[in-house]
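Let us walk through this structure together, one feature at a time. Have the sequence and the 3D view open as you read.

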Amino acid sequence: MTRRHGYALLAAIVSVIVALSTAIYVGVAADNGTTGRTSLSGARPAHPSAAPASAGVWVGTWSASPVGAEPGTASEGMTGRSVRNVVHAGVGGTSARVTLSNLYGRTALTITHASVGLAAGRETAAARVGTMRRLTFAGTTSVVIPAGAQVLSDAVALAVPAGGDVLVTTYSPTLSGPVTYHPTARQTSYAGEGDLTEDATGAGYTERVDHWRYLTALDVLSGEADGTVVAFGDSLTDGKNSTADANARWPDFLNRRLRTALAAGRELPRYSVVNEGIGGNRVLEDARGRPLENQAGIRRFRRDVLDRPNVKVVVIDLGINDILRTPGTVDAQKLLAGLRDLVRQAHARGIKVVGATLMPVGRRATWTEAREGVRQTVNAAIRSGKVYDAVIDFDRALRDPYDPRRLASMYDSGDRLHPNDRGYERMADSFDLEYLKGSTAARL
């Protein structure tokens, strides 16, 4: 081989190496944060509708914890039907990705098509013209999610506005029950026969439901937020008895309050607020089923808080169901130990913890003097500063000043436990936004 031919061969080899390196770099960049994917089907890759933007950081703009298996879906699941979830974006971004869960499925869930788009308005399955995007998973339109697993989609370019509703649609042609869902969403979502994933009209979505199916998170690549705040709790955080389709849960009010303060020039961290509340959730005990439904706070904390993107602060309002639902009376010290375990898990990741006192439940059927004593013991420990990094006193903010063991009537939705919209707004208003400042060094 001549020297000239040798140089030519070397140049060709270098060109191939550069091309491969560039392809790998681009692939990794587009797949930011998508570790832990399930096995994929062999479907041909879809033509991307738009390339993901690269500016900003990934934050949560909406989330909902998987709670259990939807009744009546054990055998067929949502076979041959499209599920169109409607979710509310807390902050805006230039790209989006979703997490789909088959945690409570007993067989693999095959999704052959999925899409994301902006809703054309409130309480509608129709999409805004020109916003429908096809979702892919490692470059393919199909994904197989094993029972007990979840999957994160590829990022897709979509200008998601803060305060806008987003449509996330999935289609499964195969038997795949039971359906993993989040009940009591206080948000209308939809379903329809056939593959309607890219139908922007919404006309085929004849079923309306008050829960979310499969979808557990929507993240955005955002220039509006630098981190995520997770509200972690029970039905009080989930927003039970708040007005449907009004986004009147206390984390919704907190998110809007923070955005208003930032817009007014107040020096506060630019964070999004997402909701990981589950009705009936307890710190120490799971509910029922195999796998266990309504998993205890100390067991779901990693999935619902630690594994969310760029979490800076977690707000914990949990423990009242341990008091009300444990036969007899729960040991206050065991409950406090469980709460401190949540703090330990957060601190290990450098996440600041703001904790709430437990609100009054007097005159409710399950209330007893002994249980009230446990609540007072737990609240005293929380107020002493020996549990959390900072304390928000929901008890003091919402209790009846003339009968402190019960909710003030102006904040009571009527069941003596859950606030009305005014009460949820009061909870958010009692949160000191200065608590969002600062950080906690990771502790091993």
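What you see is a predicted model, in which local features need pLDDT of at least 70 and side-chain atom pairs count only at pLDDT 80 or more, while totals for chains, interfaces and linings use all residues. Residues are numbered from 1 along each chain as its sequence is written, and side-chain values use heavy atoms, with hydrogens and water left out.

Let us begin with salt bridges. The term stands for a side-chain nitrogen of Lys or Arg within 4 Å of a carboxyl oxygen of Asp or Glu. The whole structure holds 27 of them. One pairs R81 with E193, with the closest N and O atoms 3.6 Å apart. R81 sits in strand 3 (residues 81-88) and E193 in strand 13, so this pair ties together parts 112 residues apart in sequence. (Strands are DSSP runs of E with at least two residues, helices are runs of H or I with at least four, and both are numbered from the N terminus.) E193 counts as exposed at 57% relative accessibility, whereas R81, at 22%, is partly exposed.

Is the next pair buried or exposed? D219 is buried, with a relative accessible area of 2%, and R308 is buried at 10%. Their closest N and O atoms are 2.7 Å apart in a salt bridge. D219 belongs to strand 16 (residues 215-222) and R308 to the loop between helix 4 and strand 19 (311-317), 89 residues apart.

D286 lies in the loop between strand 18 and helix 4, so the bridge ties together parts 13 residues apart in sequence. In that loop you will also find N294, a residue other than glycine with a positive phi, near 45°. N294 is buried, with a relative accessible area of 10%.

Now follow helix 4 to its neighbour. The axes of helix 4 (residues 297-306) and helix 6 (residues 332-348) come within 10 Å and cross at roughly 30°. That makes the two helices roughly parallel, a label for angles under 35 degrees.

One last stop is the peptide bond from G177 to P178, which is cis, with omega near -15°. P178 is placed in the loop between strand 11 (165-172) and strand 12 (180-182).

Notes. Axes are lines fitted to C-alpha atoms, for helices over the stretch in contact, and angles run from 0 to 180 degrees between N-to-C directions. Angles under 35 degrees count as roughly parallel, over 145 as roughly antiparallel, 65 to 115 as roughly perpendicular and the rest as oblique. Buried means under 20% relative accessible area, exposed over 50%, partly exposed in between (1.4 Å probe, protein chains only).
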